[in-house]
Amino acid sequence: MATDGPGIDRPGAHRAAVDLLTALGLDLSVEHLADTPRRMVDALAELTSPPAFELTTFPNDDEYDELVVVEDIPVQSLCEHHMLPFVGVAHVGYLPGARILGLSKFARMVDHHARRPQTQERLTKRVADHLQRALEPRGVGVVIDAQHTCMCLRGARATGSRTLTSALFGRLRDDPRSRAEFLDLTRGRR
């Protein structure tokens with residue numbers, strides 16, 4: 001079972017799921033669908049409940065001043081307009097200042113911010129803002145490359161289309177060479 005975030009009313013969500021699925025014409029008395037409302041609530045609770053985490057940082061004793069980039073961090077979030085998933089990868093990097101970040105925290109930070117309905121643009125900026133506030137580095141860069149099921153499976157049915165968003169701060173935004181280096185590193189996997 002998913003760990004519930006604050007404010008989740010499981011019995012109310014279950015009733016709403018039953019009502020929605022029934023209103024869509026599904027027969028919940030069929031064995032294969034009987035437990036679908038509970039599974040639906042479990043899935044949505046998991047996708048909208050951010051896990052807590054501590055952003056562990058360490059002194060930059062060696063005065064490392066080159067880019068640190070973690071690529072291909074899995075991203076799963078929900079489009080706030082359709083409540084359908086978008087999935088892909090995040091590439092997160094920074095130019096260290098006085099402190100450096102524990103590497104596992106990149107993935108935990110992305111997952112923490114992804115667990116809510118939102119736009120990809122907002123998610124990209126939230127991750128970059130969090131890193132900027134926590135570390136005060138000389139630069140921050142975040143690129144997210146994702147497929148939106150609301151665009152691939154319905155509506156336009158643009159299967160295979162990807163959305164790329166970026167948020168750049170400090171030298172990764174203002175210095176053309178640093179910006180180009182970060183973007184070249186994150187483009188290398190496509």
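Two strands are said to pair if DSSP finds at least two bridges between them, and helices (H or I, at least four residues) and strands (E, at least two) are DSSP runs, numbered from the N terminus. With that in mind, please look at the structure above, which is a predicted model in which local features need pLDDT of at least 70 and side-chain atom pairs count only at pLDDT 80 or more, while totals for chains, interfaces and linings use all residues. Residues are numbered from 1 along each chain as its sequence is written, and side-chain values use heavy atoms, with hydrogens and water left out.

Five strands form an open sheet in the order 5-2-3-6-7, with mixed pairing, and its edge strands, each pairing on one side only, are strand 5 (117–118) and strand 7. Strand 2 and strand 3 pair in the antiparallel sense over nine bridges, and isoleucine 73 stands opposite alanine 90 in strand 3.

Next, the core. A nonpolar core here is a set of buried Ala, Val, Leu, Ile, Met, Phe, Trp, Tyr and Cys residues joined through side-chain atoms within 4.5 Å, where buried means under 20% relative accessible area (1.4 Å probe, protein chains only). The largest such core has 27 residues, of which Val92, Tyr94, Leu101, Phe106 and Leu131 touch the most other members. Two or more residues each are given to this core by strand 2, strand 3, helix 3, helix 4 (120–135), strand 6 (139–148) and strand 7 (163–170), and helix 4 provides the largest share, five residues. Apart from this core lies another, of seven residues, among them Leu67, Leu168, Leu172 and Phe182.

Which aromatic rings pair up? Rings of Phe, Tyr and Trp (its six-membered ring) pair if their centres lie within 6.5 Å, and planes under 30 degrees apart count as stacked, over 60 as edge-to-face and the rest as tilted. By this rule there is one aromatic pair: the rings of tyrosine 94 and phenylalanine 106 have centres 5.9 Å apart and planes at 35°, so the pair is tilted. Because tyrosine 94 lies in strand 3 (residues 85–95) and phenylalanine 106 in helix 3 (residues 104–114), the pair ties together parts that are twelve residues apart in sequence. Both tyrosine 94 and phenylalanine 106 are buried.

Finally, asparagine 60 lies in the loop between strand 1 (57–59) and strand 2 (68–79), and counts as buried because its relative accessibility is 9%. Taking contact as heavy atoms within 4.5 Å, and not counting residues up to four places away in sequence, asparagine 60 touches Pro96, Gly97, Ala98, Arg99 and Ile100.

Terms used. Buried means under 20% relative accessible area, exposed over 50%, partly exposed in between (1.4 Å probe, protein chains only).
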